[in-house]
Amino acid sequence: MSTPRKEIKFMTQAKQIKRPKKYCRFKKAGIKYIDYKETDFLMKFLNEQGKLLPRRITGNSLKYQRKVAQAIKRARHLSLLPYVADLLK
Amino acid sequence: MNKHYETVIIFSPLLAEDDVKKGIAKYHKLLQDHDGKLVEERNWGLKQLAYPIEGKSNGIYYIMEFTAPGTFVSKLEVEFKRDENLLRFLTVALDKYGVDYNDRRRQGLVGKNKTVNTEKTEEVAS
């Protein structure tokens with residue numbers, strides 16, 4: 001069997017900051033369709049330069065991250081959102 | 001087989017209101033000629049563009065939701081391309097979730113400022 005590992009004890013316990021568990025907001029809320037015309041909602045998935053935020057930041061599942069990306073690209077084509085921006089938010 | 005479509009058109013801001021109405025009427029007529037049905041139309045009017053298109057910084061947005069046979073869309077887009085007053089257009093085929101979302105939006109069930117209060121059980125069932 002494996003030898004028991006000695007527990008390393010520090011004088012002060014290292015602080016474990018509990019990060020709130022990230023989840024896909026669309027799966028949780030049961031939203032199935034993302035409207036490309038709702039710019040206020042889509043701005044949540046862009047940074048200040050107007051770029052799309054990565055999935056590891058937004059917490060979306062792959063399916064909905066792709067839908068969001070498609071909606072944002074449509075909005076950009078219709079000039080509802082910019083392609084390149086400065087201090088968007 | 002009629003499918004649901006949604007089109008967003010941007011007219012040039014230099015057009016007078018009558019010209020915009022004439023343009024819209026032309027597309028309505030085209031839709032009727034091909035056995036299509038208009039479900040909803042929304043005119044957002046003059047709106048600021050996020051970036052200049054053809055040197056213009058605002059445009060007249062017009063949204064049309066309709067059902068039509070599949071062959072109609074390509075003909076419609078040919079007309080859009082020919083029209084000189086149009087800056088941009090985008091036609092989207094709506095899937096069942098899109099159609100459902102639009103229906104609920106018309107009834108006021110969508111968004112934080114819901115005009116109709118739905119009970120929780122109703123939301124789960126829908």
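**Entry 1: Glu40(B) and its partners**

I looked up Glu40(B) in this predicted model and found a salt bridge with Arg105(B), with the closest N and O atoms 3.4 Å apart. This pair links distant parts of the chain, since Glu40(B) sits in strand S2 of chain B and Arg105(B) in helix H3 of chain B, 65 residues apart. I then checked Arg42(B), whose side chain also meets that of Glu40(B) in a salt bridge, at 4.0 Å from N to O. Is Glu40(B) buried or exposed? Glu40(B) counts as buried, because its relative accessibility is 17% and the cut-off for buried is under 20%.

Over all chains, I count 12 salt bridges from the search of the whole structure.

**Entry 2: Lys29(B) and Asp33(B)**

I took another pair, Lys29(B) with Asp33(B), which form a salt bridge with the closest N and O atoms 3.4 Å apart. Both belong to helix H1 (residues 17–33) of chain B; they are separated by about one helical turn because they are four residues apart. I noted Lys29(B) as exposed, with a relative accessible area of 51%. Asp33(B) is partly exposed, at 49%.

**Entry 3: nonpolar cores**

I listed the largest nonpolar core, which has 29 residues. Which residues touch the most other members? They are Phe26(A), Ile34(A), Tyr36(A), Leu42(A), Ile72(A) and Leu78(A). At least two residues each come from H4 of chain A and, in chain B, from strands S1 (2–11), S2 (37–53), S3 (56–69) and S4 and helix H3 (96–106). H4(A) gives the most to this core, with five residues.

I looked at Tyr36(A) in more detail. Leaving aside neighbours within four places in sequence, Tyr36(A) is in contact with residues of chain A including Leu42(A), Ala71(A), Arg74(A) and Leu78(A), and with Glu6(B), Val8(B), Leu90(B) and Val92(B). Apart from this core lies another, of 20 residues, among them Tyr27(B), Leu30(B), Leu31(B) and Met64(B).

**Entry 4: second largest pocket**

I recorded a volume of about 170 Å³ for the second largest pocket. Its lining includes Lys32(A), Ile34(A), Ala71(A) and Arg74(A) from chain A, and Val92(B) and Asp95(B) from chain B. Which elements give two or more residues to the lining? They are helix H4 (62–77) of chain A and strand S4 (86–93) of chain B. H4(A) gives the most, with four residues. I sorted the lining residues into six nonpolar, one polar and four charged.

How values were computed: Residues are numbered from 1 along each chain as its sequence is written. Chains are lettered from A and ligands numbered from 1 in the order in which they are written. This is a predicted model: local features need pLDDT of at least 70, side-chain atom pairs count only at pLDDT 80 or more; totals for chains, interfaces and linings use all residues. Side-chain values use heavy atoms; hydrogens and water are left out. On a 1 Å grid over the protein atoms alone, a cavity is a set of points where a 1.4 Å probe fits but cannot get out, and a pocket is an open set with protein on both sides within 12 Å along at least five of seven lines; lining residues have an atom within 4 Å of a point. Grid points are joined across faces, edges and corners, and a volume is the space filled by probe spheres set on the points. Ala, Val, Leu, Ile, Met, Phe, Trp, Tyr, Cys and Pro count as nonpolar, Asp, Glu, Lys and Arg as charged, and the others, Gly among them, as polar. A nonpolar core is a set of buried Ala, Val, Leu, Ile, Met, Phe, Trp, Tyr and Cys residues joined through side-chain atoms within 4.5 Å. Buried means under 20% relative accessible area, exposed over 50%, partly exposed in between (1.4 Å probe, protein chains only). Contact means heavy atoms within 4.5 Å.
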